[in-house]
Amino acid sequence: MTIQFKSETFRDDFTFSNSPEAIRRFPFPFDKDEYMYAVNIEQHMPGPIKSPYEFPIDIDEHYVAEMRDRALVLKEDPLRCQSLPHMLTAEWDLVELLMESMAKNYPEHFELTREGDAWHWINRPLGIDQKFTFGDTSTLPYPPMEYITRQCQGDFCLCDQRNDDLWMDAGIVTTQADWSLDFDVGMSFKEWHGPVPLAHDIGVFDRALKFLLNLQQGRPVRRLNWTMTINPRLDTSPENYHKWGIDRTTVTPENVGNKVHLRVELQALWRLPRSNAIVFSIRAYLIKMEELVTIPKWGRRFHRVLRDLRPELADYKGLTRFRQMTVDYLAKHDDGAPTSPGFFPD
Amino acid sequence: MLVSDIKSRPVYKGLTVDDAARRHLVAAEGEGALAVLEAFGDAPEAWSRMTLLYTPGGSAPANHAEALQARAPDAFHLHPTRQTLMTRLRALLDTATMGTRLYATGVEGFIGQVVAAGIEHGVDHFSIRTEHRGSLARRVQCVHCKGFMDDVTVSPVTCAHCGVPLLVRDHYSRRLAAFQGVSIDAECPGDVPAAEEIFK
Ligand code: HEM
């Protein structure tokens, strides 16, 4: 199964788009016609073939272009990748997790050979052939976390566990929904979730933290989160908000189907073996409204979700300026028919 | 005590003396002098194990420095500014020995900088005893250019470094010792509400 990697951009001329196959496999996040925060955590088990849940780490047609965009972000702003000194063991754990998973599930594209600590990694799409000594940072061109995450789609946070809490002590974050790693490094679970409305009061974070503190090695979990983005821009960081915020004012009834994107984060969590840290992966998928409505169930359902969304959530997610125009667009694709339960297309 | 529902803001529990400490390393700013005087009272024993750093800030006319010195701390460092105090504190942390207890008191931005310096030197932030005294002015970091501003009392505030008008968010970073400032007119260029004095 060879993936055809697209040449496309997530900035300036925004040539990103989804193939029909990518649309069908999109991780649509609503299994009902309404949405509210919940502890929506499930086992990260292999899902249906060709779905983004088939493998622990999903590589798709946007891989090469996304890695190029990440390199551009890091060149402009090295603070998007940070790690406190005690996180080095967790960084190596991450190297192992990602290389093993990518090589096992995409053997046409990635290859890993291990002989003791002598490792050999081949990444064909990016043209990388690297021999290194596992555990010896001087044998890689970047620190271990940065090295492997420059080659893997999705943002990553490494959380240390101590004092019955999780601490965001390392990460690489270049495709975020408006939060700053530089600001959050060193925070605890409830501190970094501070700005989220309503969820603290209904106990979501108490229960989620308790669950994560007991996360077992070899039993990863996942959840979906979502927001909306104008233009297929991956780097919607607070750092650059004064540059991209204006995009939210450019939506018109004529361009809404093309400009407004649903942005879904497939988040997975693993307990790491050597460090006992937790890795949190945040893999973003973008789909424009025109593409979304090609799946009739999704068009209907998203119309209802967005129409009835609580204003606190709409404000927090930054949708307020273009929400009504998007609801009006989607209304034309909602005939009022009942929708079937579950996420998948009919 | 400063009561707040900002989830990422530290709780300043008040200065209580650690009787087991062999050395009290105390950093105080402005009205924080009064917290030190109250907490350590007139137990000469505790003062004789104290290294005290003090910068009067806006409280200079009250002459708290004299009251502190009168209690005869083992070492007393009076500093003209927070910056010079922090330089001395870092040097003391570099050579601090086992059994040293760190205390910080004064305005929030000052406490934050002391705590951040402690963390950089391997001190667990839970172990640092803190008490807020003085104004509610905030230390703010511009998320765009990463420049810091001390003693911000208004929002919005214009970034002193890059000039972007900033909303001061209710979100605090312990590592940076600052609240986050983020562009207030990104979605409506030039439309900046009048500054309101809300952190007094
Ligand atoms: C250790 C793993 C996790 C990390 C590193 C993480 C990180 C974050 C961050 C940085 C934000 C943005 C906060 C901001 O606005 O500044 C966020 C939002 C959020 N997180 Fe987490 N999170 C984790 C686990 C979870 C879990 C297990 C849940 C389960 C309930 C959860 C629920 C949420 C929710 C509901 C939001 C608001 C999202 C939105 O409305 O767009 N998080 N998270």
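Buried area is the accessible area, found with a 1.4 Å probe, that two parts lose on being put together, summed over both. The views below show a predicted model, in which local features need pLDDT of at least 70 and side-chain atom pairs count only at pLDDT 80 or more, while totals for chains, interfaces and linings use all residues. Residues are numbered from 1 along each chain as its sequence is written, chains are lettered from A in the order in which they are written, and side-chain values use heavy atoms, with hydrogens and water left out.

**View 1. The two domains of chain B.** Domain 1 of chain B covers residues 23-132 and domain 2 of chain B covers residues 138-197, with bounds that come from an automatic or database domain assignment. Their C-alpha centres lie 28 Å apart.

**View 2. The area buried between domain 1 and domain 2 of chain B.** About 680 Å² is buried between these two domains, and carbon and sulfur atoms give 55% of that area. On the side of domain 1, B:R82, B:E108 and B:Q113 supply 48% of the area buried against domain 2, more than any other three residues. In terms of contact (heavy atoms within 4.5 Å), 9 residues of domain 1 touch 8 residues of domain 2.

**View 3. Salt bridges across the interface of chain B.** The rule for a salt bridge (a side-chain nitrogen of Lys or Arg within 4 Å of a carboxyl oxygen of Asp or Glu) finds 2 across this interface. B:R82 forms a salt bridge with B:D151, and their closest N and O atoms are 3.0 Å apart.
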